[in-house]
Amino acid sequence: MRTPPAPLSPSELQRRLADLPGWRVGAGTIERMWEFADFRAAFDFMGRVAADADALDHHPDWSNVYRRVSVRLSTHEAGNQVTERDRALAA
């Protein structure tokens, strides 16, 4: 059994998000919303991210409505707090 990743402190989280434009701190998450030209472009984006997320074995909480995709990231093994794994997927 692997050790759960450590949550990022609030100051560390702010520092680690500085190089990720568009991401913001939510309620125990980091969050971002994208708006695409149309539904197909939004869904294509989700397909590309799904492959990256699966390779990292870290899966987003996300939703898609027409041309918008909203993503929220937290680490379940860390009590649904934000860890370096979330920042890595966001990058």
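Biologist: How do you know that E3 and strand E4 pair with each other?

Modeller: In this predicted model, 5 bridges join E3 to strand E4, residues 68-73. Two strands pair if at least two bridges are found between them, so E3 and E4, with their 5 bridges, count as paired. The two strands run antiparallel. Within this pairing, tryptophan 62 stands opposite valine 71 in E4.

Biologist: What joins E2 to E4?

Modeller: There are 6 bridges between E2 and E4, and these strands also run antiparallel. The cut-off is at least two bridges, therefore E2 and E4 are a pair. Glutamate 35 stands opposite arginine 68 in E4.

Biologist: What makes E1 and strand E2 a pair?

Modeller: E1 and strand E2 (residues 30-35) share 2 bridges in the antiparallel sense. Arginine 24 stands opposite glutamate 31 in E2. The hairpin of E1 and E2 has 4 residues between the strands, and glycine 28 there takes a positive phi near 75°.

Biologist: In what order do the 4 strands form the open sheet?

Modeller: The order is E1-E2-E4-E3, with antiparallel pairing. Strand E1 (24-25) and strand E3 (61-65) are the edge strands.

Biologist: Why are strand E1 and strand E3 called edge strands?

Modeller: Each of strand E1 and strand E3 pairs on one side only.

Biologist: Why does arginine 24 count as partly exposed?

Modeller: Arginine 24 has 49% relative accessibility. Buried means under 20% and exposed means over 50%, so a value of 49% lies in between and arginine 24 is partly exposed. This residue is in strand E1. Leaving aside residues up to four places away in sequence, arginine 24 touches Leu17, Thr29, Ile30 and Glu31. The C-alpha atoms of arginine 24 and glutamine 14 are separated by 8.7 Å, and these two residues are 10 apart along the chain.

Biologist: Why does arginine 87 count as buried?

Modeller: The relative accessibility of arginine 87 is 13%. This value is under the 20% limit, therefore arginine 87 is classed as buried. Arginine 87 is found in helix H3, residues 84-90. Again without residues up to four places away in sequence, arginine 87 touches Arg16, Asp19, Leu20 and Ile30. Buried residues make up 33% of the 91 residues in the protein.

Biologist: How do you know that the radius of gyration agrees with a compact globule?

Modeller: A compact globule of 91 residues would have a radius of gyration near 12 Å, and the protein has 13 Å, which agrees. The C-alpha trace spans about 40 × 30 × 20 Å along its principal axes. Among contacts with a separation of 6 or more, 60% are between residues 24 or more positions apart.

How values were computed
Residues numbered from 1 in each chain as written. Predicted model: local features only at pLDDT ≥ 70, side-chain atom pairs only at ≥ 80, totals over all residues. Heavy atoms only, no water. Rg over C-alpha atoms; globule rule 2.2 N^0.38 Å. Buried < 20%, exposed > 50% of the residue type's maximum accessible area, 1.4 Å probe, protein only. Contact = heavy atoms within 4.5 Å.
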